[in-house]
Structure formats: structure tokens, C-alpha cells
Amino acid sequence: MSPIPPATPWGAGGPPLPEAGGRPPDPRTASDGAPPALEERGSGGAAPEYTAAPTPALRIAVIGGGPGGLYAAALLKRLDPARTLTVHERNTPDDTFGFGVVLSDETLGGIEHADPDVYRALRREFVRWDDIDIVCHGRTLTSTGHGFAALGRRRLLQILHERCRGLGVELRFGTPAPPAAELARTHDLVIAADGVHSTTRSEHPDAFGPRITTHRCRYIWLSADFAFDAFRFEIAETEHGVMQLHAYPYARRLPSTRPSGPERQPSGASTVIVEMREEVWRAAGLADCDEQQSAERCAKIFAEALGGRPLRGNNSAWTAFRTVVNDRWTHGNTVLLGDAAHTAHFSIGSGTKLAVEDALALAACIEEQPTLPEALAAYEAERRPVVESTQRAAAASLRWFEELGGYLGQPPRQFAFNLLTRSRRVTHDNLRLRDRAFTDSVERDFGCPPGTPPMFTPFRLRGLTLRNRVVVSPMDMYAAEDGVPGDFHLVHLGARALGGAGLVMTEMVCVSPEGRITPACAGLYTRGQSEAWRRVTDFVHTSAPGTAIGVQLGHSGRKGSTKVMWEGIDQPLDHGNWPLAAASPLPYRAGVNQVPHALDRAGLTEIREQFAAAAGRAAHAGFDLLELHCAHGYLLSGFLSPLTNHRTDAYGGSLSRRLRYPLEVFDAVRERWPHDKPMTVRISAVDWFPGGVVADDAVEIARAFAAHGADAVDVSSGQVVPQERPEFGRSYQTPYADRIRNELHIPVIAVGAISSWDDVNSILLAGRADLCALARPHLYDPHWTLHAAADQEYAGEAAPWPPPYRAGSRKPPTGRTEAPKPRLTLDP
């Protein structure tokens, strides 16, 4: 395939039309002005101005006749009738898979502004509803105010077929499309909308860079010939395991050509998706069922929800969901659209929505940009962040349903709240706006006194009661001299303590000079350091009474002897390096960082005793809580990960053997740490790299530390190997804390891109964590917790303003406020 040169404007080059030997002249005259632009791709507002010069027509081929491909064709033809548009669909016009399609108000807004005719046709077909019913343990809980719109997929395709034909788009059904490379030689643009099993993508893997992940559940799309009153989630606990039903209406009445009486009138239709873990599906014998048998079995399992009615299929088969991600969406003049480019789990109803929004964006970018490469680059730049955000939400939802069995022990309302907020797109505050009565009932069950947000309820760890659930996460400051904390630490930690958090944590405090990350790291390996820390804890206890302060003890391992972060993160010192020790002689970065020596028995004992001695100094310094750092690739984490522990002795190999030394250190520290004070452990739940620690391992690691007396597990992730590929996103590490808490029933601390008080309330109320640790938000605003209280109009004892600061407990007024309010409206 020959890519179009970057500087080639529309019509100035590229392949000629074979039947004409060149492109047809532009039918528009100069007086016509610019080609019509999309009015708006959002949910409202004025149409953006478009002033580009008229451009010659395009010859465009679309591979795939699903909603995304059809809508892209219709838009592009509507915007320039001179374009030649051909849609290739291997199935017949009446073939379709699945049943109902859900579209958001945002998507509908884009359709309304871009093509009012299509919008009006869709609007006549929509079924709308507001409620979500959640059925578990035989109890139904309803949340309202959500707002859904759905219609039949077949009817959606019919509307788009009619629109395309009316505009002059050629629709070719029943024959596979020519290969994209062949079409690219005879067309200006090829839009590959050929679905999750895209032939175009598979024929050009080096160009698109696809990454496809198959997940742990099996599901099947079915239909019921009646309309549910709400979006329904139902859980069935069978002898084989947990199964779930996702159902929603998409038609209030089915077409009936020969009704014979009221009792024979069809009563609508609903999509019914049945999903379960792979092992449950096999144990139930569903792997051996054909379509009809599967429909009958599912109808029997969910007979109460269906009122005894049958289910039917439509070429329905059990399948495992596949998440599709592509490094690039374009290859020369070929572009991927919809499921060919990306998929997002059906539990957030996003497949058709994303494809239609892709079509809107692609058509708009083609109108706005002067060249094809610029248009395709603009399309990908606009859509990729939106798609990635949706995929992160879908991944959270998908994982939630994969781990559904772990939540069934939750109280009913908490379970329902957890389900509703599973993707992190619906939050506590958002749900309160939709259904205040529902969230109030969840808060009462959680134990919130009237007017008290969940984050301002107390939590007890051993002999320590935290007045609220906010933790200032450990953050390396690199401001100590010879391991001694100074005025900077006093001001830094003191300010965060005055800011209202329930628990303020120090940075990682090193147990030996050789255990430092940088020369500026703080330590607890001398009495002088302990006395300096005492100055900090005394200030916190005296000036911010009720705030607890904790210390995190750690050893850098192979990640030590480096520059401070802002001078070169993980880069070795220019001079004065010290020898490193680790589980195995593996440098952090080969050729950059020094090779550590593998600890022998004497070295293991020496460092274990350094940890224990530091714990004794931490107790003398007056800390309220101690956390053992077993994360982020430092020494103890290096023993836990198979990527960094290649030992063949009793401390390497299986997970139980890799756990041995960190547990020995934990026990030694616990013995020296006061019995009535809590001790936590921070772990990296996943290494974000093949062959490393995964979520299942994290559960076992947490289980082992809890068995040895850990009062809570602080669940972080990654930073073990430099080549990691984290799935960054809002609250992206919370699912790992969630799983540990609900599978092991032990307290956990969630951390990782938790940035708003709404996130904190949502995580706590859903039972995903007991405490939330925030780092960067507390650098941005030392009084983050007090401001969160003010924003929520909370003024209780869980977030008291220090007396000298009380005058600032309300936001200063901004702008003019003394203008008179309007009282009269006079006729002109």
C-alpha cells in the first residue's frame, strides 16, 4: 500500500479514478463557499466555523456495514454529495448479531447536530428508562435517575441503510470486501470498520500494532420477547458457581402483522446477556450446549426474572470478551474505526457508541484538515484519549464482574452501590444527584452519622483510632542531611498534619546508610536521627491533636546510590557511590546502574537486624504507626518479584519461598514495634510486566503478611522493573486493593491517582478500601482534607480547623456580589 505523501492536499495527487482517468471536477462553484461542516460533535452549542477552501471530491471505500461504517459513509456523503462512497458488507441487509443498542445522550447530541434526519428517525424508535434494578440474594434494590435510551440493532441498521441509499451511498451486501490493500490502490480513503475480528487489522499487524487480550468470563447474547421496566442486573448463585444476567429493554412493542386479540399482542423486547467465569461455564455443562440448549438453560436459571418466558438466540454463541488495542489506527490511506480499532466491555454499553462517535470525529476531521494525513492524524489525536478513558472504565467494570463472587458477602445496599460505581465513571456525588434517597440509605448502612461524608468516619487499627479515612501517602522528599530530617521535614509533615488528614506518613525512611536511595534520603539508623524525628512527631501531636503520624521503613536494594529525582531519577551518582545489595545480582538498568551483590546468610541477618533496630528507634521517636515497605522494587520487593529474584536457595523460586525473607523481616520488626501500635505493609500488587507478580500473587502475599500480624495492607503497584507498562488512569490501582479486601476480609489502604474527595467517598462506600492514601493532591494543597470538608459543608470533629486557621475555613468571596437581584420583568 502506498501512503499518501504528507504534503499532498486533497485532490492534488494520489491514485486516479480508474474509470475516468482522473478525479471529477468539483461541482461546487466559488460562490458556494466552503463545503458543509459538521455542526457540532458535542452535545450542544453553536456550529464551529469552517473556512477552508473548496476541495475536490474523494473516492472512499468502507469495509464493514455495521453502525460505525454506515454512519461514517452517510456523514461523508452528506457533507459532499460529489464523493463516491461504497460500503462493503459480507452479510445480507437483514443479518445482524445481538439485539438492542444503547446510546448515550452525549452521542445522540452529536448525531442530532451532525444529521438531524438520522436523529429524528432514531428518536421515534427509542425506548427510554431511568431505573436500574439490582437483584442479589433474592432481594431487589432499585436506583433511579440514570437515563438510558435503546433501540433494536436491526432497526438501527435499517435507518442507516435508508439514509445511505437516500444520499447516494452504494451498499454492496453478501460479498466479502476486497482486501484493504487492494482498495487502497484505487481509492483515496479506506475506512476499515470490519469489527473485532478485523481482517484489515490482522493483515497488517506491523502497521497497526494490535494487542488483543482475552478475558476470564464467557457470555452469550440472547433476547426476551418482553420489555423489562429497568436495566436489570441479577446474580444467580448456582451449584456450579456465580452467574449474572445483564438485561435491558430495546422495544416497547414488537411488530405484529396479524394480531388475533389483546392477549396475543407482543409486549416488546429486551436484550439479555448471561455471563459467568470460564470455570463456572464449563462446570455447568454450557460448553457442550448449542444455541437452543443454551437459551433454554439460561431461561431456566433466570426464570424468575423472565417470568417463566423463554429466551431466543440470533446466531448466538458463548464467547470470551476480547479487548482490542492498536498502537496506530492508520496505515497509509487506510484507517480503523470502531471495534476494528478498539473494544470496550459490553457492561458499560460502549461498542456502538464508540463506533458512532468515531464516525462523527472522522468526518469532521476530513472536513477540517487540508490533507488526508493531517485529517487522519487529527482523528486519532482527538479520539484516542476518549477511547482510552472509556477502555479504562470498561476494564474496571469487566474486572468487577470477573471478581463478582468476592462481593457477595457485602451488605445488600453496599453491593448495589459497588456495582453502580464499578467503572469509576459513576461516583458517590454523581449518584447522589441522581438518587439521593438511595445514597442516603447506603451511607446509613455504612455508619455515617447524619451530615457526615464517608471519608469523615473514624477507623480503628489495633490500638489506634484514626479520626478520618484520609492518609497522606509516603513521598520521598530528598531533603535530609546524613539521614537526619531537618526543618524541611518539620514544615512539610507539620503542614500536612495541620491540613486535616487522619494519618500522615513519612517518606521511606532508610534503615542503613547503604539502604538509602540517594544521599538526601532520611534514615533511622542513628539515635540522632531518632531524636530529630521526635521533634516532628511532637509537633504533630501538640499542634494537630487527633492526627496520627506514621513512619515507613525500607531499604533501597538495587535501586540505591542514585541522584535525587530532579537531578536524574534512577541515575547513579557522579561520585561517592556505595555498594548495593539485592536478592540477585541484577542491575536496575543494565549498563546504567551498578550490579548489586546477592545477599548471603550473613547479609540477610544483618539487614533484618537493621530493620528491627530502626523499628525500636521509630518507637522512641513517637510514631503512631509503622509501615514496612515491600513495594516498588526496593530490597524486600526485590525478593517478592520473580523478575528480580533469581535465587536457587530457600529464598527463591516459588512464591512461598520468595516471601520467606520479607516475612522474616516483618516478624523482627513486629517484635520490636509496640504491641498496641498498628503495623502495615506496602506491596506492589502487579509488576506490569510479563513474568512478574500478578493480582493472584498479590492476594497470596497479602494473606501471608496478614497471617503474620499485619493490621492493614497498603496496595500499590509497579516500579519493580524499568520496562513496565502500567495501565495508568484514575484510581487505577484501587481494583487490587478491592480484591484483597473482599477476598481476604482484611483492612486495606488504596493508593494511586485518587485525586478527589468524591473518589475517596466512592471507594470507601463501595467497600473497595478502608483508607485512601493521596500523594500529589497533598503536594498541591497541604490542606486538602480540610478543603474537602468545606466543599462538602462538613464541620464535624473528624476535620477540625486549627484555631489559628478557623478564619480561613470558608472560601474567600470572589467577584462582585452586591448587585441587586432582579425583581421585575417588564414587557417591552
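Leu245 stands opposite Val274 in strand 13. Strand 12 and strand 13 (residues 269-277) run antiparallel and are joined by 8 bridges. A word on terms: helices (H or I, at least four residues) and strands (E, at least two) are DSSP runs, numbered from the N terminus, and two strands pair if DSSP finds at least two bridges between them.

This is a predicted model, where local features need pLDDT of at least 70, side-chain atom pairs count only at pLDDT 80 or more, and totals for chains, interfaces and linings use all residues. Residues are numbered from 1 along each chain as its sequence is written, and side-chain values use heavy atoms, with hydrogens and water left out.

Strand 12 also pairs with strand 11 (residues 231-238), in the antiparallel sense over 7 bridges. Ala236 stands opposite Met243 in strand 12, and a hairpin of 2 residues joins strand 11 to strand 12. Is strand 12 enclosed or open? In strand 12 (residues 241-251), 10 of the 11 residues are buried, so the strand is largely enclosed by the rest of the structure. Buried means under 20% relative accessible area, exposed over 50%, and partly exposed in between, with a 1.4 Å probe and protein chains only.

An open sheet of 6 strands has the order 8-2-1-9-16-15, with mixed pairing. Strand 8 (170-173) and strand 15 (330-331) stand at the edges with a single partner strand each, so one side of each has no neighbour in the sheet. Further in, strand 1 (residues 59-63) pairs with strand 9 (residues 189-192) in the parallel sense over 4 bridges, and Ala61 stands opposite Val190.

For the chain overall, there are 27 helices and 28 strands. Of its 828 residues, 57% count as buried.

Now two single residues. Ser294 is found in helix 9 (residues 291-301) and is buried, with a relative accessible area of 1%. Leaving aside neighbours within four places in sequence, Ser294 is in contact (heavy atoms within 4.5 Å) with Ile220, Leu286, Cys289 and Trp318. Val509, in strand 20 (residues 503-510), is buried at 0%.

On to the cores. A nonpolar core is a set of buried Ala, Val, Leu, Ile, Met, Phe, Trp, Tyr and Cys residues joined through side-chain atoms within 4.5 Å. Which members of the largest one touch the most others? Of its 91 residues, they are Leu553, Phe705 and Ile740. Helix 19 (residues 601-621) gives the most to this core, with 7 residues. Apart from it lies another core of 60 residues, among them Ala72, Ile159, Leu376 and Val387.

Last, a pocket. On a 1 Å grid over the protein atoms alone, a pocket is an open set of points where a 1.4 Å probe fits, with protein on both sides within 12 Å along at least five of seven lines, and lining residues have an atom within 4 Å of a point. The second largest pocket is lined by 47 residues, with Ala395, Arg399, Trp688, Glu727 and Tyr736 nearest its centre. Helix 12 supplies the largest share of this lining, 10 residues.
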